[in-house]
Amino acid sequence: MVDLDGAIKRPMPETVHPMLATPVEKPFDDPAWLFEIKWDGYRAVAFIRDGKVRLVSRNQNDLTASYHELHDLPRLVRAQTAILDGEIVALDETGRSSFSLMQQRTGIRSGGRRGPGQPGIPVFYYAFDVLYLDGYDLRRVALEQRKEWLKRIIQGKDPVRYSEHFDEGKLLFAAARSNGLEGILAKRRASGYEERRSSEWLKIKITQTVDCVIG
């Protein structure tokens with residue numbers, strides 16, 4: 001049985017402000033931390049209730065109508081009510097998340113300019129946290145236990161995917177760099193969910209460099 005010490009029985013919240021990570025420069029290894037891929041997409045909190053889903057952005061904008069393929073999300077999660085935190089991503093031909101493809105899908109360009117979107121570009125929802133589950137608020141439960149519950153309720157069918165975590169930050173960072181990814185996240189295993197930027201979650205971005213000769 002997964003430990004739910006800290007869970008509070010209460011009605012499902014209507015609003016969640018996503019927990020944000022603090023930037024740091026270098027990857028590290030520490031048994032008190034777990035490590036995840038940093039997906040290059042749109043952050044979205046998913047509210048599941050009565051067989052329907054509501055997708056809300058980091059800035060509290062309703063994204064539900066923009067992603068028709070994610071409307072099946074309640075059918076792919078073993079819960080009557082749940083709040084998930086995750087990232088909506090589009091994948092390129094190598095399986096890497098692509099922000100450029102997300103912009104093409106939505107029609108949103110740099111600077112907030114809008115153009116015609118391309119709804120034929122498929123998206124996936126990578127869930128990395130569960131904040132509420134069948135009557136219980138889990139935000140005070142340790143992250144490692146929340147992720148264990150999340151893995152249990154995700155059925156493993158597209159377009160909803162469980163975002164795996166790893167024990168070695170330096171190794172994951174090196175793999176992310178070699179695969180051209182944006183970076184990684186480090187999260188303290190015992191951390192609760194704080195609706196603000198916190199040093200309990202850290203983001204380590206990858207700076208791509210090119211060797212050149214100036215003549």
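Reader: How many bridges join S3 and S10?

Author: The two strands (DSSP E runs of at least two residues, numbered from the N terminus) pair in the antiparallel sense. Pairing here takes at least two DSSP bridges. In this pair Trp-33 sits opposite Arg-188 of S10. As for the bridges between S3 and S10, there are 5.

Reader: What kind of model is this?

Author: Residues count from 1 along each chain as its sequence is written, and side-chain values use heavy atoms, without hydrogens or water. Local features need pLDDT of at least 70, side-chain atom pairs count only at pLDDT 80 or more, and totals for chains, interfaces and linings use all residues, as this is a model that is predicted.

Reader: Which strands stand at the edges of the sheet that holds S3?

Author: That open sheet has 4 strands in the order S2-S11-S10-S3, with mixed pairing. An edge strand has a single partner, so one of its sides is left without a neighbour in the sheet. That describes S2 (20-23) and S3.

Reader: Which strands of that sheet does H2 touch?

Author: H2 covers residues 143-153 (helices are H or I runs of at least four residues), and its buried residues (under 20% relative accessible area, 1.4 Å probe, protein chains only) include Trp-149, Leu-150 and Ile-153. Those buried residues also pack against S6 (82-89), S7 (124-133) and S9 (160-162), among others. On the sheet itself, H2 touches S3, S10 and S11.

Reader: How many of the residues of S7 are buried?

Author: S7 has partners to count too: 8 bridges join S6 to S7 in an antiparallel run, and 3 join S7 to S9 in a parallel one. Glu-87 stands opposite Tyr-126 of S7, while Ala-127 stands opposite Tyr-162 of S9. S7 is mostly covered, with a buried count of 10 of 10.

Reader: Which residue in the hairpin of S7 and S8 takes a positive phi?

Author: S7 and S8 (residues 136-137) pair in the antiparallel sense over 2 bridges, with Leu-133 opposite Tyr-136. There are 2 residues between the strands, and the phi near 45° belongs to Asp-134.

Reader: Why does Glu-200 count as partly exposed?

Author: Glu-200 lies in S11. Beyond its neighbours within four places in sequence, it is in contact (heavy atoms within 4.5 Å) with residues including Met-19, Trp-33 and Arg-188. The C-alpha atoms of Glu-200 and Arg-188 are 5.5 Å apart, though 12 residues separate them along the chain. Glu-200 counts as partly exposed because its relative accessibility is 22%.

Key: Buried < 20%, exposed > 50% of the residue type's maximum accessible area, 1.4 Å probe, protein only. Axes fitted to C-alpha atoms, helices over the stretch in contact; angles between N-to-C directions.
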